[in-house]
Structure formats: C-alpha cells, structure tokens
Amino acid sequence: MGPPTVTVGSGLVCGVDAVPVTVEATARDAGDGTPRILGLVDAGVREAYHRVLQAFHALDVPGPRGVTTVNFAPAELRKAGSGFDLPLAIALAGAGGMFDPARTAGLCAHGEVNLQGRILPARGIVSVALAARAQGCHTVLTGPEDAARCAVIPGIEVLGAPTVADALAWLAQHRPLPPVPPAPPWQPVAAPELADIRGHDTPKRALLVAAAGGHNLLFSGPPGSGKTALLRRLPGLLPAPDPEEALEVLKVHTAAGCPVPAQGRPFRAPHHTSSTASLLGGGTDVRPGEVTLAHRGVLFLDELPEFRRDALEALRQPLESAEVTIGRARQVVRMPADFLLVAAMNPCPCGYLGHPLRACRCPPALVDRYRSRLSGPLLDRIDLQVEVPALDPACFRTTPAGTETTAGFREQVVSARARQAARQRRGGVTTWNGRLEDAALHAACGAGERVLLLLEDLQRMHRLGTRARIRLLRIARTLADLAEHERITEEHVLEAACLRGCGLQPTY
C-alpha cells in the first residue's frame, strides 16, 4: 500500500467571493528528489513550499519523507495568495504521518505562515469561510486574528491556532485549541455634529432625506460654503448595520485586504485623480474598487467635475444595478456595490458664479465646458441636487440653536426606515425607497389623481424624462415616510421637485 494522500480544503478569492480549492499532498519513495507542485500555481504559492519547510524546522516538526507531490485542484484556476500556506503545511504534515488523514474531512484551512511557524492573517478569510460553509465544511482553521473576524459567521466552527505546531497538535488530538473570543459589539465612533453647521436648512433637509431613503445626493456651491462639512456628517445619520449587512462589509474589506471600518458602515472618499480601475476594481486577480468598498455605506466624491470623464461614466451601471461586473478572458467577476453616492462641486471653475460678495471671472463658454464634464445620464441618476449658498457672515455671531442634532436626525432616519421595512420587506430583504422600481414604487406611493396630474405638469414644465419622474416619486415617498404619511401628497411631490433642483438636471 502506498503513502497516504491527505486532502485539505481552502479557497481562492476572486473579487469578494471565494472559489473552493482542495490541497492534496502525498509522499513517494522513488523519483529524482524534486518535489512536484501541480495545479497552475504562481510563484508565490511555489515559495510557500519552502516557507512551510522552514517553519517545520523552526518548530521541530518532522517534515514528510520521500519526494512530495502537491496538487491544487481544480487545475484550471490559477492559484495565488499567501492563504494557501496553512493548508499546504497541514497536507505536508499529514503526508508525513503526523495525524490520521481522516481528521481533515470537512476541514477548511486558510492562513499565511512565516519562517518561525506563526500563522498570520491572509486576505479573504471571511469569503473563504463562507464558501467552505456552502460546501458543507464544518470547521475553519486559521490564525487567531482571522478567527476573531470569522467568529460572527453562523453555522460553522472557527478555530484559531497561533502556530503551525498548535494546529498540528490539534489535528493529532494531543491538545485542544483555545476558543475564539466573540467579536465586540458595534459601537458608533465619534462623528462630527450636525448642529455645529450654521444655517443651511435646505441642505440639512436633503441630508435627512438621503439617509432615510438611500438617495444619491449632489451639493453645488461656492468654495467654503460648507458642502464638504455637511456631507461628512451624513454617515452619522445612518443607522447601525444589521448583522447581515455587517457581515457583507466584513467580507468585502477582508477580501480587499483593507481594515474593517470602525463605524460599521464604510465611508470612502477617493481623490479626484483616481482611475476607473481604482473606482470599479480590477487587476490581474480582480480586487474590489472604491464602489465595492463603499458597499452598504457612503461613497463621497468631492470636486466631482474634476474626476476623469471615463471614471464618472463607469459609475452609471453600478448606480442602477448595485453591483459591478468585471469581465476577463477567463472569467467574469461580479462584486456588490450597493452604496449611497454623495458628491460636491463648484458652480464654475473659479467657484464664485452667483456668489453675493465675489464676482465670477469665468467666461460663459468656460462655465459650460466645466459643467459638461458631468453627463446628463449621470446627473439623472442623482436623486437630490441641492444648492449650498454662501452664508451671511452675520450668522456666525450667533450661537447654534442645537435643535438639528445628529442624534435627532438619526432617530428620524431610523423611524422612516422602519416604515419602509414594514412595507417593502420581501424574503428577508428590504428595498429602500431609493431603489424602488415600477409596480412596487407605485404601490408604495399610493398616488391619487391630483398627484399624478401634478407629476405630468412638472414633466412638461421642466422637460423631465421617465427616469426623473421615477426619482421624484422615490423622493416623495421618503418625504411621506418622514412625515409618517401612508400616501404621498402634492406637498411631498413639490418638495421633491425642489430637492431635485439647482439647475443641474438634464432636460429632454
């Protein structure tokens, strides 16, 4: 009977999901003395073989005897990443007879191993654990840090081993592994206070509507008017993520190798020099971009017209479908991108068009060229378009009233979202007002004949397209939820039209 073949489960991260990968190892007595590493692996995975052998030496763990053959299946997928170190170490130790090969049945291992034998975090552990659970695995073995991240995943046992020697001792049933401590509860971080902003009643109202219904928002105004300060207070208005949303955020950020946002919901603010690939994601191994890192959170684009035109146009598809599709010759990768887009821009290149105290020196042709950087189809996908005017200097002499606080606005947002969840939850998933479509939107609005006639008048007056009409209904539905009304009224539609104004929306 030949030497045993030990099989260990693992995973390859593609985008934010993981594809199950099986690591097999066996030892034979004959050959030319060269180990065989099969399965279309890259140089990093080949280096892992020597890294693991050095870790065995540092920990006084006997290595496999004879010539080792290692296979990574399925063979047609190119294997990359440091997460294969730990399953490779387990497979090699099993091939050397350190434990019963049956112990690896239903086991998934993922983690990087250094030369001292310590198990380090590896990119994509949450994605690998979720894929292992879907494949019927009952145990995930990884390092302590990654085990703490996976502790929130239900339906699978997660074990954290500090070193390879600890992992092998557990497999040989010599000693147990310590339990993984539960993840700490979500705690909101200190956010800027909305009450510190003087004036700007309409922009504050737009912030409230955007947070309550999940509506995209654009502020336009001169430099120093408070656009960025207002938008950076938006995450403080959003409710805490539920466990499913928190797991999605954790999965995305561990797949990208990024720190998990401390406030629970991500807030991404890329620079305006960002490329299309950095916004949407890509690369040879397809990693998430900014739109995916903002999933279940906020994507803030400051100085919106300064972004590259192709980068902005690439946002149109994820704004509609809430996902990004990256096509490659060998595969198509889909990544989630359900984010709230908020942006700020100046009205002209110098920024002072319409300013009450400073004159604009931009020629009309330059202003038109500046605004034409934002295409009509992109602007049409931004629900709320609000002007943020320069404040009267006299308003800074008074003390803020403090009536419009972040906590008070958050309570209104939570109440409005609770009404949406009660009305629009299907199959455990709630469609927020900003994503309602067709029959579901009209059923939620319950618009009467007078409201429909008003919508027709607004469409004719402002030459609005069908998408703009849908956006008006969505905003009106959120305004009705904030007012605790069952049906939208003419007042809600008129306020929705005002919040969608500021002269930026296209005319058709």
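Predicted model: local features only at pLDDT ≥ 70, side-chain atom pairs only at ≥ 80, totals over all residues.
Residues are numbered from 1 along each chain as its sequence is written, and side-chain values use heavy atoms, with hydrogens and water left out.

Leu231 belongs to helix α7 (residues 227-231), where helices (H or I, at least four residues) and strands (E, at least two) are DSSP runs numbered from the N terminus. Because its relative accessibility is 0%, Leu231 counts as buried; the term means under 20% relative accessible area, with exposed meaning over 50% and partly exposed in between (1.4 Å probe, protein chains only). Between Leu231 and Glu404 there are 173 residues of separation in sequence and 15 Å in space, C-alpha to C-alpha.

The chain as a whole has 19 helices and 20 strands, and its C-alpha atoms fill a box of roughly 85 × 45 × 45 Å along the principal axes. Of its 508 residues, 49% are buried, and among contacts with a separation of 6 or more, 74% come from residues 24 or more positions apart.

Helix α5 (residues 164-171) is largely enclosed by the rest of the structure, because seven of its eight residues are buried. Those buried residues are Val164, Asp166, Ala167, Leu168, Ala169, Trp170 and Leu171. Just after α5, Gln173 takes a positive phi of about 60°.

The backbone has further features to inspect. Most residues other than glycine have a negative phi, and most peptide bonds are trans. Asp60, in the loop between α1 (43-58) and β4, has a positive phi near 60°, and it counts as exposed because its relative accessibility is 71%. Arg463 likewise is not a glycine and has a positive phi, of about 50°; its place is in the loop between α17 (449-462) and α18. The peptide bond from Ala73 to Pro74 is cis, with omega near 5°, and Pro74 lies in the loop between β4 (67-73) and α2 (85-95).

The largest pocket has a volume of about 1000 Å³. Of the 44 residues that line this pocket, Glu245, Arg296, Asp338, Thr430 and Trp432 are the closest to its centre. Two or more lining residues come from each of α8 (243-256), α12 (316-321), α15 (406-424), β20 (429-430) and α18 (466-482), and α8 gives the largest share, six residues. Here a pocket is an open set of points, on a 1 Å grid over the protein atoms alone, where a 1.4 Å probe fits, with protein on both sides within 12 Å along at least five of seven lines, and lining residues have an atom within 4 Å of a point.

Note on methods: Contact = heavy atoms within 4.5 Å. Points joined across faces, edges and corners; volume = space filled by probe spheres on them.
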